[in-house]
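Subject: Structure for you to look through

Dear colleague,

I am passing on a structure that I would like you to open and read alongside the notes below. Please keep it in view as you go through them.

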Amino acid sequence: MKVGIIQFPGTNCEYDTQYAFTSLGCETQILWHKEESIPNGTDLVVVAGGFSYGDYLRSGAIAKMSPIMKALKVYVQNGGKVLGICNGFQVLTEAGLLPGALKRNEGLHFISTHHHLKVINNDNDFLRHCAVNQVVNIPIAHHDGNFYIDEEGLQELYANNQVLLKYTDAEGNIDNPNGSVDSIAGICNKTKNVFGLMPHPERAMESLLGSNDGRAMLEGFIHA
C-alpha cells in the first residue's frame, strides 16, 4: 500500500505519520505542498497534523490554497482516500472536502492529553477494524478543535452515518474536552473516502507510549 503524506510549512506530525504507516508495512512518501499532482498509484493521502502556515488567519485557511490541494480535490473526485489528522482535519474543512468547521476550544486553552473516544460508525475503511461503541484511548493536542456545524448539517451527518467518533470517558460516557457539537471528534464525507479527526491515531501505535489503539484505526485502510 502506498501512502502519501502532505507537508506544509509548519506541519509537525508528518514524520510521526510516516513512522506509523511504515510500521504497518506501507510504502510512504512525503509530499511537499507545492507539488501539483498526487503520485500515480497512491492508495491513501494523509494531511498530517501541526500548524500549517503557523495557523495564521485561521487554522488551515492558508494551506487550503497550496497547489497540492487542487490535486487533492481531483484525487478525491476520482475516488481516492484521504485522512486529515488534527490540523489536517482543519485543512479539509477549510477546503470544503469535509463539512463543518473547527473553532477555538471552548476553554480557550491548548489541550494536550490522552483522551477516550467512542466509535459511532464503522461502515467505512477507516474504522472497519473497530467495533461500534468500542472505546479507544488516543492522544489529542489542539487549540482549535471545537467542531461546529449547524443543526441541518448535523442531522445530515447522522442520516448518512458520517459521524465516526465522539469524545467520551473510559466507560463511553460523553466527556467533551473542547466544546465540539455533540462531542464529535471525527467525521467523513458522504461518499466515505475523506476522513477527518482531531485526535492523533499516529501517536497511539505502541503500548509503551500510552496506547496502541491507533493501530487498528489506521490498519482499516490497508487492503481496503
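How many disulfides does the structure hold? The structure holds zero disulfides, where a disulfide is a pair of cysteine sulfur atoms within 2.5 Å. The sulfur of Cys130 is 14 Å from the closest cysteine sulfur, in Cys188, which is too far for a bond. Cys130 is buried, with a relative accessible area of 4%, and Cys188 is buried as well, with a value of 0%; buried means under 20% relative accessible area, while exposed means over 50% and partly exposed lies in between, with a 1.4 Å probe and protein chains only.

Before going on, please note that this is a predicted model, in which local features need pLDDT of at least 70 and side-chain atom pairs count only at pLDDT 80 or more, whereas totals for chains, interfaces and linings use all residues. Residues are numbered from 1 along each chain as its sequence is written, and side-chain values use heavy atoms, with hydrogens and water left out.

The sheet comes next. Nine strands form an open sheet with mixed pairing, in the order S2-S1-S3-S4-S11-S10-S9-S6-S7; helices (H or I, at least four residues) and strands (E, at least two) are DSSP runs numbered from the N terminus, and two strands pair if DSSP finds at least two bridges between them. S2 and strand S7 (135–142) stand at the edges with a single partner strand each, so one side of each is left without a neighbour in the sheet. From one strand to the next, the twist averages 25 degrees, with axes being lines fitted to C-alpha atoms, for helices over the stretch in contact, and angles running from 0 to 180 degrees between N-to-C directions.

Strand S1 (residues 2–7) has five of its six residues buried, so S1 is largely enclosed by the rest of the structure. S1 runs parallel to strand S2 (residues 27–32), to which six bridges join it, and the bridge partner of Ile6 in S2 is Leu31. Between S1 and S2 the chain passes through helix H1 (residues 14–23), in a β-α-β crossover that is right-handed, meaning that, with the strands pointing away from the viewer, the path from the first strand over the helix to the second runs clockwise.

S1 also pairs with S3 in the parallel sense, over four bridges, and here Val3 stands opposite Leu44, while Ile5 has Val46 as its bridge partner. In a regular strand the side chains alternate between the two faces of the sheet. In strand S3 (residues 44–47) both faces are covered, with Leu44 and Val46 buried on one side and Val45 and Val47 buried on the other. Four bridges join S3 to strand S4 (residues 81–85), which runs parallel to it, and Val46 stands opposite Leu83 in S4. The chain crosses from S3 to S4 through helix H2 (residues 67–77), and this crossover is right-handed.

Finally, the largest nonpolar core has 67 residues, and Leu72, Val82, Leu83, Phe126, Leu165 and Met217 have the most contacts inside it; such a core is a set of buried Ala, Val, Leu, Ile, Met, Phe, Trp, Tyr and Cys residues joined through side-chain atoms within 4.5 Å. H2 gives the largest share of this core, six residues.

With best wishes
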